[in-house]
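Me: I have a model open and would like to go through it with you. Could we begin with a term that will be needed for the first residue?

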Amino acid sequence: MDFLNPAFWTFVAIIAGIYAVFSLGLYVQFSLAGLPNFGHVAFMAVAAYTMAILVVRYAVPMPLAAGAGLVGAILLALVLGIPTVRLRADYLAIATVAGGEIIRYLAMNLPDLTGGPIGSIGLLGPGQIALYNGDWLAFLDRLAGNLSGVVGTRVSRDAAAAILVWLLAGLLVLVLWRCERSPWGRVLKAIREDEDAVTAVGKNVFAFKMQALILGAVLAGVAGLLLALQIGVFSPEDYQPTLTFYAYLIVILGGMNRLLAIPVGAVVFSLLYSGTRLLNFFPLSLIDSGSRAFLRLFLVGFLLVLLMAVRPQGMLGNRRELLLEK
Amino acid sequence: MSAVLLEVERLSRSFGGVAALDEASFAVDEGSITALIGPNGAGKTTAFNVISGFLKPDAGAIRFAGRRIEGLRGDLVARAGLVRAFQAPRVLTRMSVLDNMLLAGKDQPGERLSLNWLAPRRVAVRELEVHRRALDLLELVRLLPLAEAYAGTLSGGQRKLLELGRALMVEPRMILLDEPMAGVAPVLAEQLVEHIRRLRAERGVTFCVIEHDMDVVMSISDRVIVMDEGRVIAEGPPDAIQRDERVIEAYLGRFAPASAP
Amino acid sequence: MQASLHELAQLILNGVITGTILALTGVGASLVFGIHRVANFAHGEYLTFGAYMGLVFNSGLGQNLAVSALGAVGATALLALAVHLLVLKPLRGRGLVAMSLITVGIGLMLRNVVFMVAGPQIRQYDIDQSAVFDLALVRISPGQAVAIAITVVVAPAMALFLARTPLGKSMRAVADNRDLAAVSGIDVDRIGAYVWMLAGGLAGLGGIMFAAVQGAFDPNLGFEILFLIFTTVVLGGIGSAYGALVAGLVLGLVMELSTWSGLAGGLEARFKPILAFVALIGLLLYRPQGLFGRARVL
């Protein structure tokens, strides 16, 4: 794709917005409640699969199926959270990684339920192509049409999607901003520092952490649904464990506990990530396009290490307020 | 005639075979200032931990205002009116003094996430009440000028005052203080003593205090409970306890010269 | 009945082989976790690295598997040491989560370097994959034979090393109680470096064994086995080398035997990892010190 092709950048914008929502969910769990959830992508996957299965196999209307997808994410949060939320930080990380892996493993190995490695396209069995986002595309077309009328120039379907996703992301930022400043957010902030002190003044620490986990799961579920709807067909590969660490990178890029920096982080991340597709000059031209994907992942790992080492408070964070570890 | 507010009956708790609490039994009257003393390792802090719900007992019963609370979760015990402070003051250092107080406010609808959106007025009204109460209590413990400072900048004694203020936010009937005078400058220690007396006199708050400083114990307590090796070995008014042989033996007995072969 | 016995014997053999791989790898991971307090999310990639270094020696340099294994062990040990000295040690003290994220980053880097350099295609070692040794009750593939040979040599050597040699004993001491060991005069830093080399070497060995047993492998080898390694470590008790040895064998056997048809049809093979996952969660909840660890203040 050409550097100057607007369709490409619109696509990047959509993905950035989806990652922003995804990272906002992680922010609630990790930055607000101090839960290092290393299996965040599992919530995305469960929401997407639930929605796709309901639409494709049971002809459930999209809004209902999407809602059910979010309920699925909430259920997973309960199942995963109740046993693990009380664990020490690194044990929690291990347990959530394991949880996420199990979800991916199930998705790969229960083809009757999930279509197996082929993914959503195989949900109706072999020989049939399953698609679920017809309604969504039609909705986008209508929206694009309306926007074209308002703005004056032609708004493409993807542009409409990008606008929608970013409006949603913006709204969620505002909502979370308020939540952070509420008494609820205050309790979480205290929990991050000293759980026993919080218990001693009569707050149920476990309940607060679970609420944060569930809220984060819902946001991840929304992101998972949006991703599924945008790409039309998905497989377990689209919800691979590495995505969780994209979110960590985004949260860290913006400064561990800067809510407002997350959209910025998401954009920066997406630019860096997609940008490597385009850089065709030496020495990158030595690496063929197939290997570029691995280079990108390599860079993600590298940035993760670099940021944690050099500037754990991110680009915009405040070192004094750093709440990194227990 | 004051009623018994806290009753501990045959409380037991072991750690890896060592009995920290061994069928300890005692009672604290409402409106009293009761001291809990004993040599190191007697089980006093363990008793506090078990009573306040931070540790589960192996056996025994705890009654608070007539209600059985043994095994109850820590936050539920606090909400029932039995609030504890810690030996090393645990204030939230990355929050302001005022926020520390606001955090402890009781019955805040704003702590239920949904209510912030479904009932914003109710949340705001209660926040205002909690805010006012916090300022009043800060004034009481004379920390009001420091309300906006990070709690991490407070001295040890100031942190203890903050912990006291924070405990009061939870509207307790009884406060458990674990060595409140330890590591506190004498001026602040005097203030603490004065606060304890006044809170009991004016607000009827009951106090149970673990303390090593005998002068403090003698001067403020109505009643003294003595523990040793996980058991209660004596209880009574301070001057009687001071003369009690068993108490003297517990503190000194191990170091006394052998009087018998 | 005969069929069932064959099946049982085969499953036991498979279980022991898988178990040994987990056990040996787990010893290294457990010691590292105990000494450095790092949940090494890159540990799986050390296995991958080992497997591919084996390939370099085997297919690339034409060496037999024994030499290749040695080469892989050495290379992985050096890699682990390098990562420790260059990244982990300087950044020590950042906190549990930060260190975990750093190891995730390292793992990502390692895995994708292998992808870039070696390519994503499936690889095999230079052994006759189609041969099968028929031994009365069981059948063994060449890869399994290699793994068994390695096990027979290395496992007792490892146990002896840990039990008898001063270095082995020091490692166990530091993993069990770092402060106490330091006070007793043990150079904790030096032991810490040696432990990384040991863990790296064992991981490299585990990687070659795993690749040989599976027959075919790709750069995702290690990542897929990562949380089995974690389960082994937790089951055996973090920091307990013997615990990891036992736990690995137990885990391997339990996973294989769970598919035995004699157990009411047995678990379907594809659900084996789920068993491990449930075990992990159960352990973390109810007995985080595992079988042999001390009940530490967490």
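Predicted model: local features only at pLDDT ≥ 70, side-chain atom pairs only at ≥ 80, totals over all residues.

Me: Then why is C:Leu11 classed as buried?

Reply: C:Leu11 has 21 other C-beta atoms within 10 Å, so it is buried.

Me: Where is C:Leu11 found?

Reply: C:Leu11 is found in helix 1 of chain C, which comprises residues 2-36.

Me: Which residues does C:Leu11 touch, leaving out those up to four places away in sequence?

Reply: With those left out, C:Leu11 touches C:Glu256, C:Leu257, C:Thr259 and C:Trp260. As for C:Met255, 244 residues away from C:Leu11 along the chain, the two C-alpha atoms are separated by 9.4 Å.

Me: Let us turn to the chain contacts. Which chains have the most contacts between them?

Reply: Chains A and C do, among the 2 pairs of chains that touch. In that pair, 33 residues of chain C are in contact with 36 residues of chain A.

Me: Which helix of chain C gives the largest share of the side that touches chain A?

Reply: Helix 4 of chain C gives the largest share, with 16 residues. Helix 4 (96-118), helix 9 (221-236) and helix 11 (272-286) of chain C each supply at least two residues of that side.

Me: How many residues on that side of chain C are nonpolar, polar and charged?

Reply: The side of chain C that touches chain A has 26 nonpolar, 5 polar and 2 charged residues.

Me: And how far apart are the nearest C-alpha atoms of chain B and chain C?

Reply: They are 10 Å apart, and chain B and chain C do not touch.

Me: On to chain A. How many helices and strands are there in chain A?

Reply: Chain A has 13 helices and 0 strands. Of its 326 residues, 52% are buried. Among the contacts in chain A with a separation of 6 or more, 72% are between residues 24 or more positions apart.

Me: What span should helix 6 of chain A have?

Reply: Helix 6 of chain A (residues 134-151) has 18 residues, and at 1.5 Å a residue it should span 26 Å. Its end C-alpha atoms are 25 Å apart, which agrees. Just after this helix, A:Gly152 takes a positive phi of about 110°.

Me: Now chain B. What does chain B contain in helices and strands?

Reply: Chain B contains 10 helices and 10 strands. Its radius of gyration is 20 Å, close to the 18 Å that the globule rule gives for 261 residues, so chain B is as compact as a globular protein of that length. Along its principal axes, the C-alpha trace of chain B spans about 75 × 40 × 40 Å. Buried residues account for 43% of the 261 residues in chain B.

Me: How many residues of strand 9 of chain B are buried?

Reply: Strand 9 of chain B (residues 223-228) has 6 of its 6 residues buried. On one side are B:Arg223, B:Ile225 and B:Met227, and on the other are B:Val224, B:Val226 and B:Asp228; both faces are covered. In a regular strand the side chains alternate between the two faces of the sheet.

Me: Which strands are joined to strand 9 of chain B by bridges?

Reply: Strand 3 of chain B (residues 33-37) runs parallel to strand 9 and is joined to it by 4 bridges. B:Thr34 stands opposite B:Arg223 of strand 9. Strand 10 of chain B (residues 231-236) is antiparallel to strand 9, with 5 bridges joining the two. There, B:Arg231 of strand 10 is the bridge partner of B:Asp228. The hairpin of strands 9 and 10 of chain B has 2 residues between the strands, and B:Glu229 takes a positive phi near 50° in it.

Me: One last topic, the open sheet of chain B. What is its strand order?

Reply: The open sheet has 4 strands in the order 2-1-4-5, with antiparallel pairing. Strand 2 (18-29) and strand 5 (67-68) of chain B each have a single partner strand, so one side of each is left without a neighbour in the sheet. Strand 1 of chain B (residues 4-15) is joined to strand 2 by 8 bridges, and B:Val4 has B:Asp29 in strand 2 as its bridge partner.

Conventions: Residues numbered from 1 in each chain as written. Chains lettered and ligands numbered in written order. Contact = placed C-beta atoms within 7 Å. Nonpolar A, V, L, I, M, F, W, Y, C, P; charged D, E, K, R; others polar. Buried ≥ 20, exposed ≤ 12 C-beta atoms within 10 Å, placed from the backbone. Rg over C-alpha atoms; globule rule 2.2 N^0.38 Å. Pairing = 2+ DSSP bridges. Expected span 1.5 Å × (residues − 1).
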